[in-house]
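User: I would like to know what stands behind the labels used for this model. Please set each value against its cut-off.

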Amino acid sequence: MRMSGAALPVVAAGCVGLGVTSLWWVLPAVGLSFLAGLRTERVRSAVVVFAVLVAGGVLVVGSVPAWILLGLRFVVLAVCTGMGPWLLGRFWRQSQELVRAGWERAERLEREQQLVAEQARLRERARIAQDMHDALGHDLSLIALRAGVLKLAPDLAEPHREAAQEIRAGAAAAVDRLGEVIGILRDEGDAGRGPADADIPHLVAEAAAAGLAVRSEITGEPDGFPRATEHAAYRVVQEALTNAAKHAPGAGVTVEVAYASEGARVRVANGPAPVAPGVPAAGGGRGLVGLAERVRLAGGSFAHGPGTDGGFEVVAELPRRPAGPVPPGPAAPPSPVRELRRARRRVGRTLAAVVLVPLVTAVLLTVALRVWTLYVVSLSVLDPEVYATLQVGQDQASVERVLPGHRLPYQVPSGPSTPAPPSGEGVSCVHYAITAQLFVDRADDAYRLCFQDSRLVSRDVLVS
């Protein structure tokens, strides 16, 4: 059964703790710590578990001084089987994420190249449309005009008059078909969505005839406005009415268009829907984005949001003449190159942490353990002059009156020349430090006093 990422740090910490009593737990501790770093997404849980483990070890060593020699083993296990493998797992995880980010960047670049090619194709279509409009449109209009003049000639025979009428009608039909082709070439997305020069009142009338409860208020005249401004106003109203009927059926819709000397203001608002109040009239997908871009290209501004009555509204401010360059579009998404560099820096920091964090932690824990050991030793120092006055066979009570109030909580390891403690029933030995100073020859030596039947039976100096 696969263990969850949240439980792995806890189980790994348990194995590290058990490793103090038996080194058989070292291998599972290393493996589980590595898996915890590899699978755990959030760092906080592992940090909390490690902090609890260290705090528990400190409390145990502080409350049971006899286990002070196990503190060094605990430090080594905590760093080498816990923190180190966990950081290696994190490094491996982030390196794999960097590889995936590289592939994603390659795919994104490929998509961007396809997008650039598509944009170039659309620009070429627009150029072709403009050429057709400038050349063919003008020529066909002249043909229609000349056919109309020829039809009115007084000395023209009736068959020729009918032929001139057919030429004029054919030229007019060709102009209409040319307009349709140009519309398709310029904007595939607008194909079949109505003529660009259709007026807003006609659009509102069509919506009302289809059953939409729409009310319009149009003030001023659009004379003198650029074609892009008229077209943008038309598309705002068209998109808002379409989405109001789709997302808020049964709600009333108000269309306000105000033409002034400085520009035009278009506002379309729908009330709350009877079933789902507050559903936006213009939707939340590509419709709003498309409208914002169209208004921006016309030099205006576009806003949308909830209305005061619980409905939704869109507002477009369009200038009569765009002032200066077109305002910039939305900010581009973060560069994939920048994201990749950031990921590389993150992996580099993790690699540095793999080396530095365990080292610093080991140093800090070792120093803390050493300070605590010195404190314990300082409480159990037996003055050499006092030790010299002790005699074998002396009463235990009289001996204890001159001994320090604390004794060493652990048995000091001795060298091969040190005599063994006395054997026999009822023998008990205690240890005292010779000095608490670190940088002296006898820093690790100790006194051993053994008692039997309330008498001092041996006194030895243990040389480490």
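Analyst: Contact means heavy atoms within 4.5 Å. Helices (H or I, at least four residues) and strands (E, at least two) are DSSP runs, numbered from the N terminus. This is a predicted model, in which local features need pLDDT of at least 70 and side-chain atom pairs pLDDT 80 or more, while totals for chains, interfaces and linings use all residues. Residues are numbered from 1 along each chain as its sequence is written, and side-chain values use heavy atoms, with hydrogens and water left out.

User: Which elements do the buried residues of α6 pack against?

Analyst: They pack against β1 (214–219), α7 and β2. The buried residues of helix α6 (residues 200–209) include I200, L203, V204 and A207.

User: How do you know that these residues line one face of α6?

Analyst: The test is the arc of the directions from the helix axis to the C-beta atoms. Seen down the axis of α6, the buried residues fall within an arc of 95°, so they line one face. An α-helix has 3.6 residues a turn, so residues three or four places apart point the same way. After α6 comes G211, with a positive phi near 105°.

User: Why does T229 count as buried?

Analyst: Buried means under 20% relative accessible area, exposed over 50%, and partly exposed in between (1.4 Å probe, protein chains only). T229 has 3% relative accessibility, so T229 counts as buried. T229 lies in helix α7 (residues 227–247). Not counting residues up to four places away in sequence, T229 touches A298, L318 and P319.

User: Why is I167 classed as partly exposed?

Analyst: The relative accessibility of I167 is 46%, so I167 counts as partly exposed. I167 belongs to helix α5 (residues 158–186). Leaving aside neighbours within four places in sequence, I167 is in contact with I143 and A147.

User: What makes strand β3 largely enclosed?

Analyst: Six of the eight residues of β3 (residues 263–270) are buried, so the strand is largely enclosed by the rest of the structure.

User: How do you know that β3 is paired with β2, and how many bridges join β3 to β5?

Analyst: Two strands pair if DSSP finds at least two bridges between them. Seven bridges join strand β2 (residues 253–259) to β3, so the pair meets that requirement. β2 and β3 run antiparallel and form a hairpin with three residues between them. In this pairing E256 stands opposite R267. On the count for β3 and strand β5 (residues 312–319), there are eight bridges in the antiparallel sense.

User: What makes R265 and E317 a salt bridge?

Analyst: A salt bridge is a side-chain nitrogen of Lys or Arg within 4 Å of a carboxyl oxygen of Asp or Glu. The N to O distance for R265 and E317 is 2.9 Å, so the pair meets the cut-off. R265 in β3 and E317 in β5 are 52 residues apart, and the pair links distant parts of the chain. R265, at 35% relative accessibility, counts as partly exposed; E317, at 34%, also counts as partly exposed.

User: Which residues are linked in a network of salt bridges?

Analyst: The network consists of E256, R267 and E313. For E313 and R267, the closest N and O atoms are 2.8 Å apart. This pair, too, links distant parts of the chain, with E313 in β5 and R267 in β3, 46 residues apart. The relative accessible area of E313 is 23%, so E313 is partly exposed.

User: How many salt bridges are there in the whole structure, and where do R448 and D460 lie?

Analyst: A search of the whole structure finds four. One of them joins R448 and D460, with the closest N and O atoms 3.0 Å apart. R448 lies in strand β7 (residues 446–452) and D460 in strand β8 (residues 455–462), so the pair ties together parts 12 residues apart in sequence. R448 has a relative accessible area of 5% and is buried; D460, at 15%, also counts as buried.

User: Which residues form the nonpolar surface patch?

Analyst: Patches are made of residues with over 30% relative accessible area and no salt bridge, where like charges are joined within 9 Å and nonpolar side chains (Val, Leu, Ile, Met, Phe, Trp, Tyr) within 5 Å. L359, V363, V367 and V371 form the patch, with about 350 Å² of accessible area together. The areas come from the Shrake-Rupley method with a 1.4 Å probe, and for residues only the protein chains shown count as cover. V367, in helix α9 (residues 336–379), has 47% relative accessibility and counts as partly exposed.
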